[in-house]
Amino acid sequence: MSPLPSAAMSFSPWEMFLNAGPVVRMVMSLLAFASVLSWTVFLAKSVEFFRLRRRLDRDARSLAEAASLQIAEERSRATRSVAHMFVAAAEDERIRSHDIPDDHDGLKERIVLHLERLEAAEGRKL
């Protein structure tokens with residue numbers, strides 16, 4: 001028996017693509033497109049989350065330094081961020097509950113419930 005032909009077979013991805021049939025080429029093209037698309041989405045979301053985390057860290061430090069809810073609302077008003085939404089919601093609930101004296105625990109519970117709803121909505125948006 002004679003050995004295999006001396007022509008070397010190339011197993012490079014490009015050579016395999018060129019030697020493939022039309023169906024395989026289509027599948028490989030779709031996979032390449034899907035890969036590029038998914039990496040693009042991954043990078044865009046990574047940048048978005050990185051910016052959001054940096055902004056939230058900055059807002060958290062600013063709010064922690066605030067002496068009152070009103071001061072926190074004034075500081076966060078300029079940013080129009082998620083932190084401002086939370087502080088504004090807490091301030092609104094405090095204002096709505098001004099006619100209920102000595103209801104500190106109830107006020108805290110209502111604020112927590114409102115903030116949990118806002119948090120869930122922001123999570124869905126992201």
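Q: Which residues in H3 meet H4?
A: This is a predicted model. On the H3 side they are Leu-69, Gln-70, Ala-72, Glu-73, Ser-76 and Arg-77. On the H4 side they are His-84, Val-87, Ala-88, Ala-90, Glu-91 and Arg-94.

Q: By class, how many nonpolar, polar and charged residues has that contact?
A: Five are nonpolar, three polar and four charged.

Q: And at what angle do H3 and H4 pack?
A: About 145°, with the axes 9 Å apart. H3 covers residues 69-77 and H4 covers residues 82-96.

Q: Why give both an angle and a distance?
A: Because a pair of packed helices is described by the angle between the axes and by how far apart the axes are.

Q: Left-handed or right-handed crossing for H3 and H4?
A: Left-handed.

Q: How far is Arg-80 from Pro-101 in space?
A: 31 Å, C-alpha to C-alpha. In sequence Arg-80 and Pro-101 are 21 residues apart.

Q: New topic. How many aromatic pairs are there?
A: The count is two. In one of them, the ring centres of Trp-14 and Phe-17 are 5.6 Å apart.

Q: Is that one stacked or edge-to-face, and why?
A: Stacked, because the planes of Trp-14 and Phe-17 are at 25°, and under 30 degrees counts as stacked.

Q: Where do Trp-14 and Phe-17 lie?
A: Both are in helix H1, residues 13-19. They are three residues apart, about one turn of the helix.

Q: Trp-14: buried or exposed?
A: Exposed, at 54% relative accessibility.

Q: What about the pair Trp-39 and Phe-42, stacked or edge-to-face?
A: Edge-to-face, because the planes of Trp-39 and Phe-42 are at 90°, and the cut-off is over 60. The centres are 5.6 Å apart.

Q: Which helix holds Trp-39 and Phe-42?
A: H2, residues 22-65. Again the spacing is three residues, about one turn of the helix.

Q: How exposed are Trp-39 and Phe-42?
A: Trp-39 has a relative accessible area of 52%, so it is exposed. Phe-42 comes in at 47%, so it counts as partly exposed.

Q: What feature does UniProt place at residues 23-44?
A: A "transmembrane region", and the entry is unreviewed.

Q: How much helix and strand is there over residues 23-44?
A: 100% helix and 0% strand. The end C-alpha atoms are 32 Å apart.

Q: Which helix is Arg-25 in?
A: Arg-25 is in H2. It is partly exposed, at 31% relative accessibility.

Q: What is Arg-25 in contact with, leaving aside neighbours within four places in sequence?
A: Phe-17, Leu-18, Asn-19 and Ala-20.

Q: Now Leu-126. Where is that?
A: In the segment after helix H5, which is 104-125. Leu-126 counts as partly exposed, at 38% relative accessibility.

Q: And its contacts, neighbours within four places aside?
A: Leu-126 is in contact with Lys-45, Glu-48, Phe-49 and Leu-52.

Q: How far is Leu-126 from Ile-95?
A: Their C-alpha atoms are separated by 30 Å. Along the chain the two are 31 residues apart.

Note on methods
Residues numbered from 1 in each chain as written. Predicted model: local features only at pLDDT ≥ 70, side-chain atom pairs only at ≥ 80, totals over all residues. Heavy atoms only, no water. UniProt positions renumbered as here; feature names shortened; annotations may be inferred. Helix = DSSP H or I, 4+ residues; strand = E, 2+ residues; numbered from the N terminus. Axes fitted to C-alpha atoms, helices over the stretch in contact; angles between N-to-C directions. Left-handed = near helix turned anticlockwise from the far one by under 90°. Contact = heavy atoms within 4.5 Å. Nonpolar A, V, L, I, M, F, W, Y, C, P; charged D, E, K, R; others polar. Phe/Tyr/Trp six-rings, centres within 6.5 Å; stacked < 30°, edge-to-face > 60°. Buried < 20%, exposed > 50% of the residue type's maximum accessible area, 1.4 Å probe, protein only.
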